[in-house]
Amino acid sequence: MSAESAAYRDPTLPKERVVFNDWISRYFVWASLGWGLVGMLVGVIVALQMAFWQANLGPYLTFGRLRPLHTNAVIFAFVGNMIFAGIYYSTQRLLRARLASDLLAKVHFWGWQAIIVSAAITLPLGLTQGKEYAELEWPIDLAIAAVWVVFAINFFWTLARRNEKHLYVAIWFYIATIVTVAVLHIVNALSLPVSPFKSYSIYAGVQDALVQWWYGHNAVAFFLTTPVLGIMYYFVPKAAERPVYSYRLSIVHFWALVFMYIWAGPHHLLFTALPDWAQTLGMIFSVMLWAPSWGGMINGLLTLRGGWTKLRTDPVLKFFAAGITFYGMATFEGPLLSIKSVSGLAHYTDWIIGHVHSGALGWNGFMAAGMFYWMVPRFYGRKLHSTAAANLHFYLGTVGILLYVISMWVSGVTQGLMLRATTSDGALTYPSFVETLIAIRAMYWARAFGGTLYLVGMFVMAWNLVKTAAGATATDGEIEIVREAPKTDDVSWTEIVFAAPVWIVTLAMALFAAVAVVSESASVLTAVLAVGVGFGGSLALQLTRVEGRPTWHRLLEGRAVIFTVFTLIAVLVGGVAEIVPTIVLRPQDATAQGAAPYRPLELEGRDLYLREGCYTCHSQMIRPFRFESQRYGEVSTLGDSRYDHPFQWGSKRTGPDLAREGGRYPNLWHYRHLIDPRATSPGSNMPPYADMAASPLDLSRTRAKLEAMRTLGVPYTDAQIERAVTDAQAQAREIAADLASSGAQVAADREVIALIAYLQRLGRNPSAEAAPAAPAAPATPAH
C-alpha cells in the first residue's frame with residue numbers, strides 16, 4: 001500500500017473535496033473549434049487565390065492581406081485556444097488543486113479572444129508590422145504580453161498551491177512554454193510607435209532577420225510544440241489507459257529539446273547575408289534536434305504498446321497516433337531542410353509550405369481533435385454522439401493532409417529545379433519566373449482540394465461535438481484529497497542547485513563555448529573534452545547512485561521555482577549566444593557602399609509594400625548562387641538592408657526576388673504591372689492593385705516617420721526631416737510626369753506613385769549614381 005493510500009484511509013486525517021474549474025477549459029475548447037473553422041476557411045481561400053487569381057477581392061481580401069490573417073488565426077486562435085484548454089484541464093488534475101483564480105481565468109479567456117478579434121480586423125485593413133508570425137501592431141503586442149502575464153500568474157499561483165509535490169512531465173513542458181514564449185514575444189516585439197497603429201521594429205537588416213527567425217522558429221517550438229507535447233504526455237496515457245512508456249526518456253526529451261531548439265532559428269537564413277558562423281550554428285543544432293524530437297515521438301507511440309487493437313474502434317487514439325506520427329515526420333523533415341545543400345533547393349519554394357502544414361495540420365490539428373473528442377464527452381457526461389462521424393473526420397483529414405503535403409513537395413522540387421536549370425552554354429533555361437508558376441499550377445489546385453477536404457473534416461467534428469453537448473448539463477470534475485501536515489524537506493535547495501549534475505553540465509557547456517574562441521586544432525580537442533565530460537559524468541552519476549534514495553532529477557521535480565529557473569537558463573543560453581553578437585555587429589559595408597536612407601516618398605512606398613503583404617510573395621535577398629545572380633542581379637550584402645526596419649528578406653517566392661529591382665524596368669512597366677499584372681507578365685497569379693491608382697497618398701505622418709527612423713539610428717538630418725513632405729511631393733511629381741510622357745495619366749498624390757518610387761529604389765545606390773534615364777524593359781522579363 002502506498003503512503004498516499006495509507007494516508008487517505010487514515011480516519012484521523014482531514015479530507016477535502018476539490019472541484020476543478022472546468023468551465024475555462026470548455027470555453028477554450030469551443031473558442032478553438034470556432035476560430036479553427038474560420039482560420040482554415042481563410043486558408044482554403046488563400047490556397048484558391050494561388051491557383052485562381054480572380055479570387056483576390058481587393059483591396060481588403062487579397063492574398064497579401066489574408067495570408068497573415070490565416071497564419072495568425074490557425075496559430076494563435078485555433079492552436080492557442082486549444083493549448084490553453086489542455087493546460088488548464090490537465091494542470092489542475094496533475095497538481096490535485098483547483099485553478100488559483102477564476103477571475104484571472106476569465107481575464108485570460110476574454111483578453112485572448114479580444115486579441116484575436118483585433119487581429120481579424122487590423123490585418124485585412126493592412127495594419128501590420130510586416131514581420132512573419134509577428135505582424136500585429138504595437139497596441140496588440142502590448143495586449144498579448146499583458147494577457148500572457150495573467151496566464152502565467154494563474155499557472156504559477158496554482159503551482160504554488162498544489163497538493164501534489166511532484167511535477168509530472170507535462171508540467172515541465174508547460175513551464176518551458178510559459179517562460180520562453182514571454183521572452184520570445186517581448187524581445188521580438190520591441191518597436192518604436194509612430195501612431196496608434198504604426199510602428200517600426202527597433203532592429204534593422206541582419207539584426208532584425210536573426211531576431212525575427214529566432215522568434216519565428218521558436219514560436220513553432222514553444223507555442224506549437226512544447227505545450228502540445230505536454231498535452232500528449234497527459235492525454236495519450238489517459239486515452240490508452242497505460243503509463244508513459246519511459247520516464248527516463250521523457251527527461252532526456254525535455255532538457256535536450258528546450259536547450260537545442262532555441263539555437264536552430266538561423267537555419268531559416270542559410271545562404272543569406274547572415275554571418276556564416278550563425279548559419280552553421282543553426283544548421284548543426286537543427287540536425288541535432290532529430291534525437292530529442294524522435295525521442296518524444298517514440299515515447300508517445302510506445303505508450304500505446306499493447307493497445308494497438310483499440311485504434312480500430314477508438315477515434316481518440318486514431319487521432320493521437322496519427323498526430324504523433326506526423327510530429328515524427330515533421331521533425332525528420334525539419335532537420336533535413338536545415339542542411340545547406342537541401343536548403344539551397346527547398347528554401348523560398350512550396351516545399352517549405354508543405355513542411356509547415358504537415359506539422360500544423362497533422363501534429364497540431366490531429367492532437368487537438370483527439371483531445372476534443374476525449375474532453376467534450378467528459379465535460380457533459382455523455383458518450384460521443386457519433387463514432388462513425390469521428391472516423392469520417394479522421395479519414396477526410398488524413399487524405400486532405402497527404403494531398404496538401406505531397407502537392408507542395410512536387411511543386412517545391414519542380415520550381416527549385418526549374419529556377420536553377422541552365423542550358424549547355426550557361427544561360428538560364430527558364431529565364432522568366434512565371435514559367436515556373438505555370439508549371440506548378442496544377443499542384444496549387446491539388447493543394448486547395450486537400451485543404452478543402454481537411455476543412456470539411458473540421459466541420460464534421462464541429463457538428464459531432466455540438467450534438468454531443470446539445471441538451472446536456474456541463475459538470476466540473478472533482479476529487480477528494482487528504483490534507484496532510486506540511487513536511488520538511490530533507491534536502492536543501494543548495495544541494496540541488498550546486499549538485500554534481502549541475503557542475504557537469506556547466507563544465508561541458510563551458511568547454512563547448514571555448515570551441516568558438518580557441519584555435520582550430522585546439523577546438524577539436526576542446527569539443528572532445530566536452531563530450532567526454534558529459535558522457536563520463538553521466539556514467540559516474542549512474543554508478544554512484546544510492547539505491548532507495550531519490551535521484552537528483554526526482555528531487556528537482558519537487559522544486560517548482562528551481563525547475564523554472566533551470567528551464568529559463570537552458571533557453572536563454574542559446575538565445576544570448578546567437579543574438580547578442582549579431583546585435584552588437586554593425587554592417588560596415590553599408591557606409592563603404594555609400595548606402596543612404598530612403599527618401600520620404602520611398603519610405604511611404606515601403607510602408608504600402610508592407611501593408612499589401614508583398615513580402616509574403618517576394619524576397620529581397622539574392623543568395624550566392626550563379627543562377628540567382630544571373631536571374632536577379634548581384635548577390636545581396638549586409639549593407640543592402642542596413643536601414644530596413646523591419647528587414648524584408650522574405651521566406652517564400654511566389655514572384656521573383658526584388659533586391660535589385662530598382663532601375664530594372666521603367667516606371668510605366670511598374671505602373672502597368674500593378675494595375676494589371678497579366679499585362680506585363682502573362683501567367684502571373686499576382687492580384688491587381690488598380691485601387692492604388694485612385695487612392696490618395698497620406699503624407700500627414702511622413703515627418704514623424706523620419707523622426708522615428710532617426711531615433712532608431714537612420715542618419716536623417718534636420719533639414720531632410722524638415723522638408724520631408726516637400727521632397728516627397730517633388731519626387732512624386734517627377735514620377736507622374738515620366739508616366740504622363742509615356743501615356744499614363746496618374747495624379748502625383750496617388751499611392752501607386754509612392755510604391756513605384758520604393759520599387760525603383762531597391763538595390764540602387766543614390767549616393768553613387770546620378771539619376772539616370774529610365775531604362776528600357778529587358779527583352780525577357782524575370783517576372
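A: In this predicted model, the protein contains 30 helices and four strands. Of its 783 residues, 58% are buried. Among contacts between residues at least 6 apart in sequence, 83% join residues at least 24 apart. The protein exposes about 30,800 Å², and 66% of that area is supplied by carbon and sulfur atoms.

The pair in question consists of helix α5, residues 138–160, and helix α6, residues 169–188. Their axes lie 10 Å apart and form an angle of about 155 degrees. Because angles over 145 degrees count as roughly antiparallel, α5 and α6 are roughly antiparallel to each other. The crossing in which α5 passes α6 is left-handed. On the α5 side, the contact is made by Asp141, Ile144, Ala145, Trp148, Phe151, Ala152, Phe155, Phe156 and Leu159. From α6 come Ile171, Tyr174, Ile175, Thr177, Ile178, Val179, Val181, Ala182 and His185. By class, the residues of this contact comprise 15 nonpolar, two polar and one charged.

Tyr615 is located in the loop between α23 (600–611) and α24 (626–632). With a relative accessible area of 7%, Tyr615 counts as buried, because the cut-off for that class is under 20%. Leaving aside residues up to four places away in sequence, Tyr615 touches Pro68, Thr128, Gly130, Glu135, Tyr609, Leu610, Gln648 and Gly650. The C-alpha atoms of Tyr615 and Lys131 are separated by 8.9 Å, although these residues stand 484 residues apart along the chain.

Terms used. Residues are numbered from 1 along each chain as its sequence is written. This is a predicted model: local features need pLDDT of at least 70, side-chain atom pairs count only at pLDDT 80 or more; totals for chains, interfaces and linings use all residues. Side-chain values use heavy atoms; hydrogens and water are left out. Axes are lines fitted to C-alpha atoms, for helices over the stretch in contact, and angles run from 0 to 180 degrees between N-to-C directions. Helices (H or I, at least four residues) and strands (E, at least two) are DSSP runs, numbered from the N terminus. Angles under 35 degrees count as roughly parallel, over 145 as roughly antiparallel, 65 to 115 as roughly perpendicular and the rest as oblique. A crossing is left-handed if the near helix is turned anticlockwise from the far one by less than a right angle, and right-handed if clockwise. Contact means heavy atoms within 4.5 Å. Ala, Val, Leu, Ile, Met, Phe, Trp, Tyr, Cys and Pro count as nonpolar, Asp, Glu, Lys and Arg as charged, and the others, Gly among them, as polar. Buried means under 20% relative accessible area, exposed over 50%, partly exposed in between (1.4 Å probe, protein chains only). Accessible areas come from the Shrake-Rupley method with a 1.4 Å probe; for residues, only the protein chains shown count as cover.
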